[in-house]
Amino acid sequence: MRLPFTTSPAVEAALSEGRPVVALESTIITHGMPWPQNLEMARGVEQLIRDAGAEPATIVVIDGTLHIGLTDAELEALAQTRDALKLSRADLAYAVAAKRTGSTTVAATMIAAALAGIEVFATGGVGGVHRGAETSFDISADLEELARTPVIVVSAGAKAILDLKKTFEVLETKGVPVVGFGVDELPAFWSRSSGIASPIRLDSAAEIAAFQQAREALAIDGGMLIANPLPSDLEIDTATIGSWIDVALADSERDGISGKAATPYLLKRIFELSEGRSLATNINLVRSNARLAAEIAVALKALDDA
Ligand code: PSU
Ligand code: MN
């Protein structure tokens, strides 16, 4: 049978030689950041992963073809795409069947990574339970995906626009391990502090790889979420970011924003309110996550070879 995806030559070579690969999502490029910083971020993150000894694989659907790994020209074209769909588990196959172009969220990127045999994925922050979910029922499909698909997702936690307490409660219910990397308190995306204790703390990529190996030995499936805080000199303190989040949430309610549009709207509004500071921080945290994801991918291979 024909494979349902196409792999870039660089990713194909890495996978067939058993070298470490790190998956990257595309929604952050088309819906999470403005041009041209989105391209700069995407290129920079790919380079960081190569420098750390792994191969980056940016994932996206272009005209119905699921791509695992992009050439630089494809990456640049993607960063300029205005009308890409935002794909999750529900509509990934729709984009393939209808020959549409769509970016993969955390959920859809996990599905594609698992299909291609990629064990580690770096992003900014996962989706989660939105504030007011008790009436809106807006809970990201990312959480369900973490529960079922065996990929390690390296993040700065869940985005602080969410109800973080409810988000981590749902992950606990679904049996998703949440690992605070080097910290006793989970980070809150732009800042280091969420007020929520890390359910598990690990301090090195090797410890994360060993934990993953033990999960596999126990036949425990599903993903795991690594919450990697920004270095303290790069964070935005919770009071400052909190005031922008409150304004953005009020604006989104006034404008009647819901569903898939909610997260992109809020990120854009916070970017405007912070005069670009939230974006600079977002880029820094993705870079930090990419570095750690590459280290984890390398550590997993070292265990496999041991
Ligand atoms: N991380 C970022 N920026 C983003 C995202 C993650 O730094 O834009 C995206 C991811 O694709 C994630 C999505 O899956 O936000 C969450 O969307 P929603 O809340 O609609 O599930
Ligand atoms: Mn949603």
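With which side chain does the side chain of Asn228 make a polar contact? Select Asn228 together with Asn289: their side chains make a polar contact of 3.0 Å. (A polar contact is a pair of N or O atoms within 3.5 Å; within protein, one must be able to donate a hydrogen and the other to accept it, and residues adjacent in sequence count only if both atoms are side-chain atoms.) Asn228 is found in the loop between strand 11 (224–227) and helix 11. Helices (H or I, at least four residues) and strands (E, at least two) are DSSP runs, numbered from the N terminus. With a relative accessible area of 6%, Asn228 is buried; buried means under 20% relative accessible area, exposed over 50%, and partly exposed in between (1.4 Å probe, protein chains only).

Before continuing, please note that this is a predicted model, in which local features need pLDDT of at least 70, side-chain atom pairs count only at pLDDT 80 or more, and totals for chains, interfaces and linings use all residues. Residues are numbered from 1 along each chain as its sequence is written, chains are lettered from A and ligands numbered from 1 in the order in which they are written, and side-chain values use heavy atoms, with hydrogens and water left out.

**Ligand 1**

Next, select ligand 1 and the 19 residues around it, of which Glu25, Lys86, Ser140, Asp142 and Thr263 come nearest. A residue counts as near if one of its heavy atoms lies within 4 Å of the molecule or strand concerned. Display distances from the oxygen atoms of the ligand. An N or O atom in the side chain of Thr263 is 2.7 Å from an oxygen atom of ligand 1. For Val106, a backbone N or O atom lies 2.9 Å from an oxygen atom of ligand 1, and for Lys159 a polar side-chain atom lies 3.0 Å from one.

**The largest pocket**

Hide the ligand and show the surface. Rolling a probe the size of a water molecule over the atoms shows where empty space is left. On a 1 Å grid over the protein atoms alone, a cavity is a set of points where a 1.4 Å probe fits but cannot get out, and a pocket is an open set with protein on both sides within 12 Å along at least five of seven lines; lining residues have an atom within 4 Å of a point. Grid points are joined across faces, edges and corners, and a volume is the space filled by probe spheres set on the points.

The largest pocket holds about 510 Å³ of space. It is lined by 30 residues, and Lys86, Thr105, Ser140, Asp142 and Thr263 are the closest to its centre. Colour helix 2 (27–30), helix 8 (141–148) and helix 12 (262–273), each of which supplies at least two lining residues. Helix 12 provides the largest share, 3 residues. The lining divides into 9 nonpolar, 15 polar and 6 charged residues. In this scheme Ala, Val, Leu, Ile, Met, Phe, Trp, Tyr, Cys and Pro count as nonpolar, Asp, Glu, Lys and Arg as charged, and the others, Gly among them, as polar.

**The second largest pocket**

Now select Arg131, Leu249, Ser252, Glu253 and Ile257, which lie nearest the centre of the second largest pocket among its 16 lining residues. This pocket has a volume of about 360 Å³. Helix 11 gives the most to its lining, with 3 residues.

**The cavity**

Helix 3 (37–51) contributes the most, 4 residues, and the lining comprises 8 nonpolar, 2 polar and 2 charged residues.

**Backbone features**

Most residues other than glycine have a negative phi, and most peptide bonds are trans. Select Trp35 and Pro36: a cis peptide bond joins them, with omega about 0°. Pro36 is found in the loop between helix 2 and helix 3. Then move to Phe137, whose phi is positive, near 65°. Phe137 sits in the loop between helix 7 and helix 8 and, at 68% relative accessibility, counts as exposed.
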